[in-house]
Amino acid sequence: MAAMEHGYEGQGNPPESKQELEQIEIELLLNGVHRLYGYDFRNYALPSLKRRIWHHVHAESLPTISALQEKVLHDRACFERFVYSLSIPVTEMFRDPGLFLTFRQKVIPLLRTYPYIRIWHAGCSTGEEVYSMAIMLHEEGLYDKARIYATDMNARSLQQAKEGVYEIGKMKQYTKNYLEAGGTGVFSEYYTAKYNSVILQPYLRKNIIFAEHNLATDTSFNEFNVILCRNVMIYFNDELRDHVHGLFHESLSRFGVLVLGSKESIHFTRYSDSYEPLDRVEKIYRKNK
């Protein structure tokens, strides 16, 4: 009997700590989501990923990550809520006005030389920055020869982006951003107020294509003159970040422009020598090879 007990104890030791058990649960959850739904979060930076997973565990009134795994794999609606919670949109129109002002000054002159302009907003969230670009191109007389591809992995965010409806209470801040970004018109003319919301003018949507695209798993789908991906890769680990930079490098035309977020950089990637800075402060780079 003693030998049997000893043998039983040797069949897989329990986790050394709660942290190790948590890590196992997270890996099983993410592997399950990838295998069943095709969404790959396995190379997201662990600290922020862990916080968002636990936030969703509590939001679903569940006791453990394992319980979340079971519900996500058996309940499509729960899975969709889970994806949304991992890609919480943080954006606004003309966010970081200095970037848009610099873009107007340094990139717009380059775009004037092209017969046709293709722009990719990767990780477009709920669309505010996409419409900001549309407004800028409109004011610079370039919108009619431009096509903006706005992609995100979050279907709910994309739907809001397609509708172009936003809270009226945000317009004061958006107007301030617009003016600081070098806006040359009257910002209120770009939307119509209705109850507690505003809807952007339909002509701003005419040259925008919204589509689902997952930077972790999907491939290049066109050649672009400009790619903007701002403060998305801060949630990725080094491996996934390098993969996405490869995707962008492949998707940019020669002398194409890459715009990153304030907390991101092209440095320390395999592609750092393939770009020259147009503006180091605003993280605007031009592909040179």
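**A walk through a predicted protein chain**

A polar atom in the side chain of N237 lies 2.9 Å from the backbone nitrogen of L240, which is a polar contact, meaning a pair of N or O atoms within 3.5 Å, where within protein one must be able to donate a hydrogen and the other to accept it, and where residues adjacent in sequence count only if both atoms are side-chain atoms. The model is a predicted one, in which local features need pLDDT of at least 70 and side-chain atom pairs count only at pLDDT 80 or more, while totals for chains, interfaces and linings use all residues. Residues are numbered from 1 along each chain as its sequence is written, and side-chain values use heavy atoms, with hydrogens and water left out.

N237 is found in the loop between β7 and α11, where helices (H or I, at least four residues) and strands (E, at least two) are DSSP runs numbered from the N terminus. With a relative accessibility of 24%, N237 counts as partly exposed, since buried means under 20% relative accessible area, exposed over 50%, and partly exposed in between, as computed with a 1.4 Å probe on protein chains only. Not counting residues up to four places away in sequence, N237 touches N43, Y44 and A45, and such a contact means heavy atoms within 4.5 Å. Y114, by comparison, is 123 residues from N237 in sequence and 35 Å from it in space, C-alpha to C-alpha.

N231 belongs to the loop between β7 (224–229) and α11 (238–251), and its relative accessibility of 14% means that N231 counts as buried. Which residues is N231 in contact with, leaving aside its neighbours within four places in sequence? They are R95, G261, S262, K263 and E264. A polar atom of the N231 side chain lies 3.4 Å from the backbone nitrogen of S262, and the side chain of N231 also reaches the backbone nitrogen of K263, at 3.5 Å.

The C-alpha trace spans about 85 × 50 × 30 Å along its principal axes, and 49% of the 289 residues count as buried. Among contacts with a separation of 6 or more, 74% are between residues 24 or more positions apart.

Two packed helices are described by the angle between their axes and the distance between the axes. Helix α4 (residues 65–74) and helix α5 (residues 76–86) pack at an angle of about 115 degrees, with their axes 5 Å apart; here axes are lines fitted to C-alpha atoms, for helices over the stretch in contact, and angles run from 0 to 180 degrees between N-to-C directions. On the α4 side the contact is made by L68, K71, V72 and H74, and on the α5 side by R76, C78, F79, R81 and F82. These residues divide into five nonpolar, one polar and three charged, where Ala, Val, Leu, Ile, Met, Phe, Trp, Tyr, Cys and Pro count as nonpolar, Asp, Glu, Lys and Arg as charged, and the others, Gly among them, as polar.

Rings of Phe, Tyr and Trp (its six-membered ring) pair if their centres lie within 6.5 Å, and planes under 30 degrees apart count as stacked, over 60 as edge-to-face and the rest as tilted. The ring centres of F94 and F100 are 5.2 Å apart and their planes meet at 65 degrees, so this pair is edge-to-face. F94 also forms an edge-to-face pair with Y178, at 5.5 Å centre to centre and 65 degrees between the planes. This second pair links distant parts of the chain, 84 residues apart, with F94 in the loop between α5 and α6 (97–106) and Y178 in helix α10 (residues 171–180). F94 counts as buried at 0% relative accessibility, F100 is buried at 2%, and Y178 counts as buried at 0%. Elsewhere, ring pairs link Y37, Y39, F41, Y44, F79, F82 and F236 into a cluster.

Rings also meet charges: the charged end of R52 sits over the ring of Y235, 4.5 Å from its centre, and R156 lies over the face of Y84, at 4.0 Å from the ring centre. A charge sits over a ring if NZ of Lys or CZ of Arg is within 6 Å of the ring centre and within 35 degrees of the ring normal.
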